[in-house]
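Subject: Handing over a structure, with notes

Dear colleague,

I am passing on the structure below so that you can look at it alongside these notes. Please open it first, and then read on with the sequence at hand.

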Amino acid sequence: MELKELIISLCSMLSVSGYEYRSFERLRSLVGDSFDEIEQDGVGNILLIRRCEKQSPAKVLIDTHFDEIGMIVTGISEGGFVSVAPIGGIDSAILPSSDVTIYGKRDIRGVLSSVPPHLRRDSDSKKLSEISELFIDTGYPKEELLELISIGTPVGFAPVYTELLNRSICGKSFDNKACTAAAIFALSDIPKSELAADVYLLLSAHEESVRTGGVAPAAFGIDPDYAMVIDVNLAAVPDVPKSETVEYGKGISISVSAITDRRLTKMTEELCRDNEIGFYRVAAPSSTGTNAAALCLVGRGVPTVDVGLPLKSMHTYNETISLDDAEALSALVRHFVCSEKIKEAFVV
């Protein structure tokens, strides 16, 4: 399977934060026998493990959170209208008229209602509706809808993907399953003899909805020697401060932060230079805004490097990534887990 196909396959899965577990069997079927072990814990984290052939091997953790932003059903009304509340940071400006999927006993397509401009009062013309004021129009009679969904049913954006020029693709949930796909693509065919350590690829839960996410309990159980956290990063677009974004289509980002390990960060940069992988160094003084903040403080402390995939239109249903950047990320993961230099520096 090509990387683009894998990205779209993963991102199409239901993984609204708190409901990641519902795609476990589908994920297992997708990766097949590429990993030695696939398991899920009580929090909803999914762990893919590849064993090396070494005696008393070190453990390297690659974290890519698997959950996505979405909504949850809060009410069902006459006429097939459904009220919802947000899960994760959704901007209400993008919601009116957006296509969604309600994941009930069967998938139900719907569209979020919108007040036509002809009917808006002048005082409301520039006012954004709160998500709690919007309704999903399903077209179902209420009685039939009640047989298919209930309070608490998850809702996600419709899985529609478009290929743009210059090897860009757009659609929902690239945050962060595009990074998951890049890691799976990198790890699935590395010969065991080339792995520097046992590799634990963590598809962590709850990152979008809970501040510390599911990464901490998973990492506590794994007790890794060193780790890489991978998440999307804000790609440069017009009218956004350059200091808060990264270049698009030219590689990945590596954070320099008080919470990341300086030596591991430097060695990861060296891997990029040695293997001609494009990267940008970004300053994240006190926090990277990723799972790195929780991971580095687990147990005795896990040396962690934070890597980012440039992404446009974050937290919308048309997030946009460059396949060139995704391939650069996948190449870095491959070299990272095979690097004896890094392993020897961080194994206690």
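I would like to begin with H65, which is buried, with a relative accessible area of 1%; here buried means under 20% relative accessible area, exposed means over 50%, and partly exposed lies in between, with a 1.4 Å probe and protein chains only. Before going further, please keep in mind that this is a predicted model, in which local features need pLDDT of at least 70 and side-chain atom pairs count only at pLDDT 80 or more, while totals for chains, interfaces and linings use all residues. Residues are numbered from 1 along each chain as its sequence is written, and side-chain values use heavy atoms, with hydrogens and water left out.

H65 sits in the loop between β3 (59-63) and β4 (70-77), where helices (H or I, at least four residues) and strands (E, at least two) are DSSP runs, numbered from the N terminus. Its side chain is joined to that of D67 by a polar contact of 2.7 Å; a polar contact is a pair of N or O atoms within 3.5 Å, and within protein one must be able to donate a hydrogen and the other to accept it, while residues adjacent in sequence count only if both atoms are side-chain atoms. When neighbours within four places in sequence are left aside, the residues in contact with H65 include D175, N176, E208 and N291, contact being defined as heavy atoms within 4.5 Å.

N176 itself belongs to helix α4 (residues 174-187). Most peptide bonds are trans, and most residues other than glycine have a negative phi.

Is H315 buried or exposed? H315 is buried, with a relative accessible area of 17%. A polar atom of the H315 side chain lies 2.7 Å from the backbone oxygen of G89, and, with neighbours within four places in sequence left aside, H315 is in contact with I69, G89, I94, D175 and E208.

S56 also has a positive phi, near 45°, in a residue other than glycine. It is found in the loop between β2 (46-50) and β3, and it is exposed, with a relative accessible area of 72%.

P86, in strand β5 (residues 81-87), is partly exposed at a relative accessible area of 41%. Residues up to four places away in sequence not being counted, P86 touches G70, M71 and I131.

Next comes helix α8 (residues 323-338), whose 16 residues should span 22 Å at 1.5 Å a residue, and whose end C-alpha atoms are 23 Å apart, which agrees; the expected span is 1.5 Å times one less than the number of residues. S322 caps the N-terminal end of α8, with a side-chain oxygen 3.1 Å from the backbone nitrogen of D324. Among the buried residues of α8 are L323, L329, L332 and F336.

How many disulfides are there? If a disulfide is taken as a pair of cysteine sulfur atoms within 2.5 Å, the count comes to zero. The sulfur of C52 is 10 Å from the closest cysteine sulfur, in C338, which is too far for a bond. C296 is in no disulfide either, as the nearest cysteine sulfur, that of C179, is 19 Å away. C52 counts as buried at 10% relative accessibility, and C296 counts as buried at 14%.

Finally, here is the chain as a whole. It has nine helices and 17 strands, and 54% of its 348 residues count as buried. With 348 residues, a compact globule would have a radius of gyration near 20 Å, and the chain has 21 Å, which agrees; this radius is taken over C-alpha atoms, and the globule rule is 2.2 Å times the number of residues to the power 0.38. The C-alpha atoms fill a box of roughly 65 × 45 × 35 Å, taken along the principal axes. Of the contacts in the chain with a separation of 6 or more, 77% are accounted for by residues 24 or more positions apart.
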